[in-house]
Amino acid sequence: AIAVGTAALIIVLSGMNGLTGLVQGLYNSFDSDLEVKAAKGKSFVMTEDLNKKIKVINGIQDVAYCIEDKALLKYDEKQTIVTIKGVSKQFESITRFDTLIYEGKYNLRQGNAYYGILGKGVAFRLGVSVTDIFDPITLYSPKRGKSKSFNPEEAFNEYKIYPSALFSINDEFDFKYALVDIDLAKQLFDYTDNEISSLEIQCTPGANLEQTQAELIKVIGNNFVVKNRFQQNEMLFKTLQSEKLWT
């Protein structure tokens, strides 16, 4: 009886640890070590002074700029509302996002042509294929300061992208996100040149994450919120820990 009970406990806990490790691996490929957002509002201005303060902090290796907001995607007669995440070129290297791609190739821009990387669920709803290089996807977003207009062309920004790849994490992400180049996101959402939604930060290998986070909070002040990987998906990881505890 003791042997059977002990074996069952070891097997179940090993399964829970494996599940937690798998989830962490998937989310770590999408989320950065540290994320900085404005304490109030959806965006903030990335000044040169703020950039210098962040770059000199011990433990920070690289920084990516991101813009995130909702937009309408339309392809043929199908349409869906998704969260557009515009990212700078550093995003791929600091998050290992390329490991999540199961079809196509990571490519957001080629010359004057813009491309998009869609979640598997978003592509399913639109009926999009990465092999279709002739029919673009149209993105729509309301123009700032144009809340009322009888002419749709004046009320919405409209841009076109071509699907370059599809990624898959889980349904929460697959049906929600589409990645584009940050320059396209600025035009789509009427952001200024230095205006962004968040900073995605990669820490130096072996650096003390908690210490780096605390120093970053101290340097940039109370106008920003700094979250680590667990805090970015706090509910998910708390649920996993609770299940492990009850087991």
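Reader: Which residue forms a salt bridge with Lys-53?
Author: This is a predicted model. The closest N and O atoms are 3.5 Å apart, and the partner is Asp-49.

Reader: Is Lys-53 buried, partly exposed or exposed?
Author: Buried requires under 20% relative accessible area, and exposed requires over 50%. Lys-53 has 36% relative accessibility, so Lys-53 counts as partly exposed.

Reader: Which residues of α2 are buried, and why do they line one face?
Author: Helix α2 covers residues 48-55. Its buried residues fall within an arc of 100° seen down the axis, so they line one face of the helix. The face turned away from them carries exposed Glu-48 and Lys-52. The buried residues are Leu-50, Asn-51 and Ile-54.

Reader: What do the buried residues of α2 pack against?
Author: Take Ile-54 as one of them. Beyond four places in sequence, Ile-54 is in contact with residues including Met-46, Val-63 and Leu-216. For the buried residues of α2, the packing partners are β2 (44-45), β3 (60-75), β12 (198-203), α8 (209-220) and β13 (224-228).

Reader: How many residues are in the largest nonpolar core, and which element gives the most to this core?
Author: In soluble globular proteins, nonpolar side chains tend to be buried together. Here the largest nonpolar core has 43 residues; Ile-54, Leu-73, Ile-84, Ile-137 and Leu-216 touch the most other members. With 6 residues, the element that gives the most is β3.

Reader: Which residues are linked with Lys-85 in a network of salt bridges?
Author: Lys-85 has 3% relative accessibility, so Lys-85 counts as buried. Its side chain meets that of Glu-68 in a salt bridge of 3.2 Å, N to O. This pair joins strand β3 to strand β4, 17 residues apart. The network links Lys-85 with Glu-68 and Glu-200.

Reader: How many residues apart are Asp-183 and Arg-109?
Author: Asp-183 and Arg-109 form a salt bridge, with the closest N and O atoms 2.9 Å apart. Asp-183 is partly exposed at 32% relative accessibility, and Arg-109 is partly exposed at 36%. Asp-183 lies in helix α7 and Arg-109 in strand β6, and the separation is 74 residues.

Reader: Which residues form one aromatic cluster?
Author: Ring centres must lie within 6.5 Å to pair. By this rule there are 7 aromatic pairs. The cluster consists of Phe-91, Phe-97, Tyr-106 and Phe-167.

Definitions and conventions
Residues numbered from 1 in each chain as written. Predicted model: local features only at pLDDT ≥ 70, side-chain atom pairs only at ≥ 80, totals over all residues. Heavy atoms only, no water. Phe/Tyr/Trp six-rings, centres within 6.5 Å; stacked < 30°, edge-to-face > 60°. Buried < 20%, exposed > 50% of the residue type's maximum accessible area, 1.4 Å probe, protein only. Helix = DSSP H or I, 4+ residues; strand = E, 2+ residues; numbered from the N terminus. Arc of directions from axis to C-beta. Contact = heavy atoms within 4.5 Å. Core = buried A, V, L, I, M, F, W, Y, C linked by side-chain atoms within 4.5 Å. Salt bridge = Lys/Arg side-chain N within 4 Å of Asp/Glu carboxyl O.
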